[in-house]
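Please look over the model shown here.

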Amino acid sequence: MTGQPGYIGASASITAEDVPALYEGAKFYSPAVGDANRSSITSWLAGLLDRNGPVPLLRVEAVPPETPCVSVCVLGSGSAMADLPPAGDEFEMAVRQIERLQRVSFGAVYPLAAATISALVAVVAAAQLRVPLLDADGMGRTFALIHHTAMHLSGVSPTPLAAVGPTGESVLVEVPSGPRADRMLRANVDTVGGWAALAAYPTTAGVLRRAALPGTVSRIANVGRLLLDRTDPDVLVTRLGTITGCRRLARGRIAELEHLSRPSDVTIPAHPSSLVVEETGGLGRQLRIELRSEIVAVFADGALVAGAPDLISLLDVSRGVLATLDSLEPGDLVDVLATPADAVWYSPRGMEMVGMGSHGIPLAHPRRR
Amino acid sequence: MRRTSTLPITLGELARIQPLAAAEPHLADPSRTVEQVVLAETFDRLRRCTPHVLVVLHNEAATGGWSLAAALHLAWERNLSAVVVSRSVAGGSSVALAERLHMSLILIDDDPVDVALQLAGQVSAPAAARALRQARLAELLAEQTGIRGVLGVLNRELQQVPVALVIGGVVIAGQSAALTERPQMRQIEVEVHAPGERSAARLVAAVPVSGPASVEQVESLLRLARPSLQAAWAQSRLDAATRAAHEQAAFGLLRRLPSAPPPSGEQAGIEVPAWTSELGWQVGEANRAVWLAPLRPSGEPPPEITYLIRASWQRGHSTWPLVAEGDGWISWHSGADPDDVVALRRALAGFRDSAVAHRLVIGVGRAHAGVAGLMRSVAEARLAAHVARESGPGAVQWFDQVGANAALAWLPTTEIAQVADLCLEELMAAKDRAALVQTVLAVLDAGGSLSQASQHLGVHRNTVLARLARARQLGLTYDEPGQRLALHVLSYALTALWSDNAAG
């Protein structure tokens, strides 16, 4: 892969130089996540890529359809991972367990979600297993539960799946119904160390051609390069728009942070709270931004203007970087950005799974009104 | 056609009675009517609301944060009258959003279901709700003992409707905005009869045509205020009457002091008695008296007028005395510096409107020391007031500027005119008598100079000559030295009387 700064375009491999861009891009697609384990995970991955050589990044169509593939991701809390860092073999072990169970040898790895650390650990797994990485994933951003994937919508079962904790213990799950897998896993994540390396959705490249979201890994690398190239926020938003389709809903100043103990949907673990932003310029609207584990909806003067599954992020205008949700303070000047998710999430089934209804907001999505 | 009181109730009215009286209202438009109350549990229910509905949010629709913002937006879209929600879910930003959308938001502490039920009852029977409001107002009015208090309650309760108590065109209490005529405003009046007397007191309210309160309603509320007002008024009149009598007696006593011989034959001046300070009076170094007199004296003024004059004269100068004396009123200002008239001038300027309304003239004496000086100043002020009558209502005459002319003011013009009727029969029968007398007066005033007289009258010298010739023929032989003084006085009296009559 070309490591030239400022390069935007398709990539054929991932090298150690691409790791910072990959990390930044992965963060764009999961704005809620903090930077707790940035240095440990990036240096680990860069070291691996230096030792084992670049990981080939292949489009799904470039892989023979019968090639067995498996997805990997991190399950559980990112801060737990910072407290109890990986021993290093968790992801490889998880993949190997499914290989043993299914008596196959996976020819490629793909990220369950090309966002957060999960995007990076997929590269780790590919480097350790010395297989190519597919330029595709199951979410195109992050969602809360492991069956919130395009594969699940296409009828691919997440199981058999293996979760390996930093303690070396593992859980193997097989369920007939996808949504049950997440409940069973969550019960075990704490026990195995607060987080676990997950290998799931074993299938073939042929199935992934129709079931996975293509091009999402090279997309985060490109987004990451834009974010690293610190520029004027206006220019940055325009450039991001060309790659991700994101647009600025408004620029405003944070006026109020409301932490309300409101009844929340039980299936998604998060505390609802609310952020009030006064638009500077424009119509001077009052924006209300609803927070769960991510930003789930934006209301302008009470009218819904964006909502899950849209990816909504805040850009700290004064610093020109993405604002993480735990760093917000009244008085900050922010750009509210909305990035459309992949089209599959706006289908009725997609909306039912990850739309605003799943966050307890019974309103029609602005795209569907 | 009279509009009946079964009109839909307005937000402003609802907000004044329980349960919303205890709530925190943020009303964008109190005159919005409320035609129906909806208890909305879901956003679907909100979406089905028709305009002019007051919606009480409950359950899912009232979880705060986004839900209230979305509800406010929906309410705005549906043109609802107001949104009622539990205070616990509404923050400052929700109120700000409501203001931005110009949507009324009412925050309650009670159970939304109970509130919605009560509101539904009130909205379905607006007459009953209004009666409830009147009852509440009656209670508030009953607590008031003063006229200002009663008017305060009326003005507070009738938002956007200024109310004033008016006697003879002068605002006694309340908001004078009630009297200004404006488009889209209807003035209504309710007579307030002082107990046992004919009285011209009126309660005046200016009701906005498109406002929250209907005309009948305001009228009935004003009538409700009448008994409290009468009681308060009787009380204050009783007080005022006592005080007036007290002051009158005290002033009489004060007046007699200078004439009584000093006990030990000393001429050091009269000591100011201590009891004057009990009345709040000051008699000091420089006492300058003011005489307030009616333009046309007609005997002793009734106590109501004294009360009114006192109210407006003592506005801001509550220690200044006001003593009814003869057909006028005496007041004075005491200070250390005889030349300091700033306070007095300001008071006179402030009193001018009332003076015009009551057709009063004002004379101001010079500043003199001590009780004797005060009495002298009173006499001067009275003289000045007589001179001021020449200039019509509201006129102020300072004795310093009168001089010997004051003598003229005492001329009994009416009687002198009767003399003219007898001695100058021919002249008084002439149609142009006014012009003739005026011309003769001008020539005499100018010491016989025809050119000065013609300049003063603004007519040609020949005209003056012709009028003089005619006046002489009719018996006004002004150039006979033996009659000159008598005819000069006569001409002065006639001119003064006629110009007075023309002005009246």
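**Chain A as a whole**

This is a predicted model. Chain A holds 11 helices and 18 strands. It has 369 residues, and 60% of them count as buried.

Take the contacts between residues at least 6 apart in sequence. Of these, 71% join residues at least 24 apart.

**Where chain B meets chain A**

How many residues of each chain are in contact? Chain B brings 18 residues, and chain A brings 23. The size of an interface is often given as the accessible area lost when the parts come together. Here the area buried between the two chains is about 1500 Å². Carbon and sulfur atoms give 56% of it. On the side of chain B, the residues that lose the most area to chain A are B:W66, B:S93 and B:R100. Together they make up 44% of what that side buries.

Polar links cross this interface too. The rule finds nine residue pairs in polar contact between chain B and chain A, with both residues at pLDDT 80 or more. Three elements of chain B give two or more residues each to the side that touches chain A: α2 (43-47), α3 (66-77) and α4 (92-101). Which of them gives the most? It is α4(B), with seven residues. By class, this side of chain B has seven nonpolar, eight polar and three charged residues.

One salt bridge is found across the interface of chain B and chain A. Its partners are A:D301 and B:R100. Their closest N and O atoms are 2.8 Å apart. B:R100 is also among the residues of chain B that lose the most area to chain A.

**Salt bridges**

Side chains of opposite charge can pair when their charged atoms come close. Over all chains, the count comes to 27 salt bridges. The table lists some of them.

| Residue | Partner | Closest N to O |
|---|---|---|
| A:D301 | B:R100 | 2.8 Å |
| A:E294 | A:R141 | 2.1 Å |
| A:R285 | A:E279 | 3.0 Å |

Start with A:E294 and A:R141, which form a salt bridge. This pair links distant parts of the chain, 153 residues apart. A:E294 sits in the loop between β13 (286-291) and β14 (295-300) of chain A. A:R141 sits in the loop between β6 and α6 of chain A. Are the two buried or exposed? Both A:E294 and A:R141 are buried.

Next come A:R285 and A:E279, also joined by a salt bridge. A:R285 has a relative accessibility of 18%, so it counts as buried. A:E279 is at 13%, and therefore counts as buried as well. The cut-off for buried is under 20%.

B:R136 lies in helix α6 (residues 126-142) of chain B and B:E157 in helix α7 (residues 147-157), so the pair ties together parts that are 21 residues apart in sequence. B:R136 is partly exposed, at 32% relative accessibility. B:E157 is buried, at 6%.

Salt bridges can also be linked in a network. One such network joins A:D234, A:R248, A:R251 and A:D335.

**Two residues up close**

A:T142 lies in the loop between β6 (136-137) and α6 (150-153) of chain A. Its relative accessible area is 19%, so A:T142 is buried. Which residues does A:T142 contact, leaving aside neighbours within four places in sequence? They are A:Y29, A:S30, A:A113, A:A115, A:T116 and A:E294. A:E294 is the salt-bridge partner of A:R141.

B:A343 is found in helix α11 (residues 342-357) of chain B. At 26% relative accessibility, B:A343 counts as partly exposed. Not counting residues up to four places away in sequence, B:A343 touches B:W320 and B:H333. B:H333 is 10 residues from B:A343 in sequence. In space, the two are 8.6 Å apart, C-alpha to C-alpha.

Terms used. Residues numbered from 1 in each chain as written. Chains lettered and ligands numbered in written order. Predicted model: local features only at pLDDT ≥ 70, side-chain atom pairs only at ≥ 80, totals over all residues. Heavy atoms only, no water. Helix = DSSP H or I, 4+ residues; strand = E, 2+ residues; numbered from the N terminus. Buried < 20%, exposed > 50% of the residue type's maximum accessible area, 1.4 Å probe, protein only. Contact = heavy atoms within 4.5 Å. Buried area = accessible area lost by both parts, 1.4 Å probe. Salt bridge = Lys/Arg side-chain N within 4 Å of Asp/Glu carboxyl O. Polar contact = N/O pair within 3.5 Å; in protein donor to acceptor, adjacent residues only side chain to side chain. Nonpolar A, V, L, I, M, F, W, Y, C, P; charged D, E, K, R; others polar.
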